[in-house]
Amino acid sequence: MAEAQNIPVGSTTAGSIAVAAESTVATRMSAPPSFEVADFPVPHGREEEWRFTPLERLKGLHDGTATADGGVKAEVSAPEGVTVETVGRGDARLGRAGRPVDRVAAQAYSAFEKATVVTVPKETVLAEPIRVGIQGQGGVSFGHTVFELKPFAEAVVVIDHTGDGVRAANVEYVLGDGAKLTVVSVQDWDDTAVHCSQHNALVGRDATFKSVVVTFGGDLVRLHPRVNYAGPGGEAELYGLYFTDNGQHQEHRLLVDHETPNCRSNVVYKGALQGADAHAVWIGDVVIRASATGTDTYELNRNLVLTDGARVDSVPNLEIETGEIVGAGHASATGRFEDEQLFYLMARGIPEQEARRLVVRGFFAELVQQIGLPDLQERLLARIDEELEESVV
């Protein structure tokens, strides 16, 4: 199956579409999903799921040499009625949303000592968001967090990553029937941090899941959001924005697995890159299995290259095993900063730096608006402005 990779600046690709009797998702992975580290071979960089990742910058997370010698300062602020628990590895609520799909995620699952479980009771509608702050304190750390919404509950969760260190973690979102969850995960690490995380969402009947992933900091960030449906009528919206700077590697690998009838998904990720050796990777896999009649899905990735020396690998994949669907499509586009837009604004008296800021803000605007929290939106826009001020152009 042909794939679009290392897309030249200015090109557009519709990625690859496969119509088959059997899904090939498993064949693109080096091993089936598992909670056991030993079930995954040590990657060498030629595997499909690792071919874009600079393994030497993972600080040993991939080969077992990274040991838990550091930590994080974690704080959870939750409205009244929300239960926050610290549980042991044997808690039955862990691992329900999905198993690790690579060796790093399995290592994280095997190495954490205590997990955090946040529960929103049935039919509870939260007026304020649940806020989780994770500040790296240096060294290597592993973590596991579960957010569970009981049937017909509604909540917004903000997860804020800052500080330094090497972090591998798994995050689970379990939505009961009719529940509505919006999650904003911000990666604003120090420049030397390493962060790998698998996000598993299990969406119940007629439930709605919205994820907004925002990545700025870190030397290497590799995130793997995944969505599965536990009943018909589920909806998933996956949004993401990333600003990849000089020398950074930011990788987002998504999978939406439609195996339940009459479910919907929409994926929109946008990135801006600047500086030498800035490298962004976006992999978007959507599978529509034979049982998933009535599926409606679309995925889109767009990248704005602000300087020479930056590289984008964008690979949208769509696999369809049934023709009885509402709709399915995908697209990817990468291009340079438009000098014509800049000239238009400057011709109307707007200084060059301000004009550049307006264009990039406009590029990200639809995704920032999906957050719905004015204080966080303003903070992220200010962070984008900071990145632009450091531009080498």
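Are α3 and α4 parallel, perpendicular or oblique to each other? The model is predicted, with local features needing pLDDT of at least 70 and side-chain atom pairs counting only at pLDDT 80 or more, while totals for chains, interfaces and linings use all residues. Residues are numbered from 1 along each chain as its sequence is written, and side-chain values use heavy atoms, with hydrogens and water left out.

Helix α3 (residues 352-368) packs against helix α4 (residues 374-389) at an angle of about 140°, the axes being 10 Å apart. The two helices are therefore oblique to each other, a class left for angles that are not under 35 degrees (roughly parallel), over 145 (roughly antiparallel) or 65 to 115 (roughly perpendicular). The contact (heavy atoms within 4.5 Å) includes Val-360 and Phe-364 of α3 and Leu-381 and Ile-384 of α4; by class it has seven nonpolar, two polar and five charged residues.

Six aromatic pairs are found in the whole structure, a pair requiring ring centres within 6.5 Å, with planes under 30 degrees apart counted as stacked, over 60 as edge-to-face and the rest as tilted. Two of these pairs are tabulated below.

| Pair | Centre to centre | Plane angle | Class |
|---|---|---|---|
| Tyr-109 and Phe-112 | 5.6 Å | 80° | edge-to-face |
| Phe-147 and Tyr-173 | 5.8 Å | 20° | stacked |

Phe-147 lies in strand β6 (residues 130-149) and Tyr-173 in strand β7 (residues 154-175), so their pair ties together parts that are 26 residues apart in sequence. Phe-147 is buried at 2% relative accessibility, buried meaning under 20% relative accessible area with a 1.4 Å probe and protein chains only, and Tyr-173 is buried at 3%.

Key: Axes fitted to C-alpha atoms, helices over the stretch in contact; angles between N-to-C directions. Helix = DSSP H or I, 4+ residues; strand = E, 2+ residues; numbered from the N terminus. Nonpolar A, V, L, I, M, F, W, Y, C, P; charged D, E, K, R; others polar. Buried < 20%, exposed > 50% of the residue type's maximum accessible area, 1.4 Å probe, protein only.
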